[in-house]
Structures are given as structure tokens and as C-alpha cells.
Amino acid sequence: MKENDLVLKTVTRVVVFIILTFGFYLFFAGHNNPGGGFIAGLVLSSAFILMFLAFDVKKVLEALPIDFRKLMIVGALLSLATAIVPVFFGKNILYQEDWNVTFPYFGEVHLSTITLFEAGIALVVVGVVVTTILSLSGGRS
């Protein structure tokens, strides 16, 4: 192991946590502020790519029980379902419902069906980006 590898691996362990936290912040802030599913998906996928660069791809894929191809399919189905389901209840396509829910420690939280749609978008983006990078690098996705 080279000294640079040791520094990269040590820094990656800390930076991946920071990137994932920032990605979740962008996701949840997205319906009120800049951000949302697409940019959160890009940020979250950059954390996975950093792990693939710092560590062995096979070891990372063994440690993460995620099939990124299935992840993008689940995300697409989730977004499609949140877009189509309101039609069955006599509403317009992509109709949005809002709720204000009170949680312990968090207080009142604004929830919306658009959050589910954005979650699907984030899953699709993470799945596509990571699968593309793994395909280009020769690793299995």
C-alpha cells in the first residue's frame, strides 16, 4: 500500500459521511429551496464513486448490498406511481397532496407527495450514474 492510498482511504471514510449528509439535506430541502431529487441523486452517487475510487470495487460492492440497476427501476416505478395514482382518484396527473405532521424532537414537518416523486428521481439518478461509472470502469454493477 502506497502512502497516498492510505491518505485517500482515511479521508474517504470521513468525506463520504459528509457527502451523504449533504445529499440528504439537498433532497429534503428541495421542495422549498434549491435542490431536490436530481441534484441529491448526483451528490449521493458521488459518495459511492469516491468509495469505488478509494477502495477495491469488488469489496465495496460486497459491503453494500445494493443492486444499482434494480435501484433505478424501483425509482422509476416510484416516480411513475406518484404521477399516475392521482388519476385513479379523479385528480390531475402529478396532483400534489400536502400534510403538516408533528414528530417528536422535530416538531411540525411539512410532508408532500412530491417528496415521493423526488425520492424516485433520486434513486433513478443514483442507479444510472453508478451503473454507468461501473460499466465504464469494467466492474459489475
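Biologist: Why does Phe-24 count as partly exposed?

Modeller: Keep in mind that this is a predicted model. Phe-24 has 45% relative accessibility. Buried means under 20% and exposed means over 50%, with partly exposed in between, so Phe-24 counts as partly exposed. You'll find Phe-24 in helix α1, residues 3-29.

Biologist: And what makes Phe-22 partly exposed?

Modeller: Its relative accessibility is 43%. That value sits between the 20% and 50% cut-offs, so Phe-22 counts as partly exposed.

Biologist: What makes the aromatic pair of Phe-22 and Tyr-25 stacked?

Modeller: Look at the planes: there are 25° between them, and the rings are 6.5 Å centre to centre. Planes under 30 degrees apart count as stacked, so that's the label. Both residues lie in helix α1, three residues apart, about one turn of the helix.

Biologist: Why is the pair of Phe-48 and Phe-68 called edge-to-face?

Modeller: Here the planes are at 70° and the centres 5.3 Å apart. Over 60 degrees counts as edge-to-face, so this pair qualifies. Phe-48 lies in helix α2 and Phe-68 in helix α4, so the pair ties together parts that are 20 residues apart in sequence. Both of these Phe residues are buried.

Biologist: How do α2 and α5 pack?

Modeller: They pack at an angle of about 35°, with their axes 8 Å apart, and α2 passes α5 in a right-handed crossing. Among the α2 residues that meet α5 is Phe-48 again. By class, this contact has 14 nonpolar, three polar and one charged residues.

Technical notes
Residues are numbered from 1 along each chain as its sequence is written. This is a predicted model: local features need pLDDT of at least 70, side-chain atom pairs count only at pLDDT 80 or more; totals for chains, interfaces and linings use all residues. Side-chain values use heavy atoms; hydrogens and water are left out. Axes are lines fitted to C-alpha atoms, for helices over the stretch in contact, and angles run from 0 to 180 degrees between N-to-C directions. Helices (H or I, at least four residues) and strands (E, at least two) are DSSP runs, numbered from the N terminus. A crossing is left-handed if the near helix is turned anticlockwise from the far one by less than a right angle, and right-handed if clockwise. Contact means heavy atoms within 4.5 Å. Ala, Val, Leu, Ile, Met, Phe, Trp, Tyr, Cys and Pro count as nonpolar, Asp, Glu, Lys and Arg as charged, and the others, Gly among them, as polar. Buried means under 20% relative accessible area, exposed over 50%, partly exposed in between (1.4 Å probe, protein chains only). Rings of Phe, Tyr and Trp (its six-membered ring) pair if their centres lie within 6.5 Å; planes under 30 degrees apart count as stacked, over 60 as edge-to-face and the rest as tilted.
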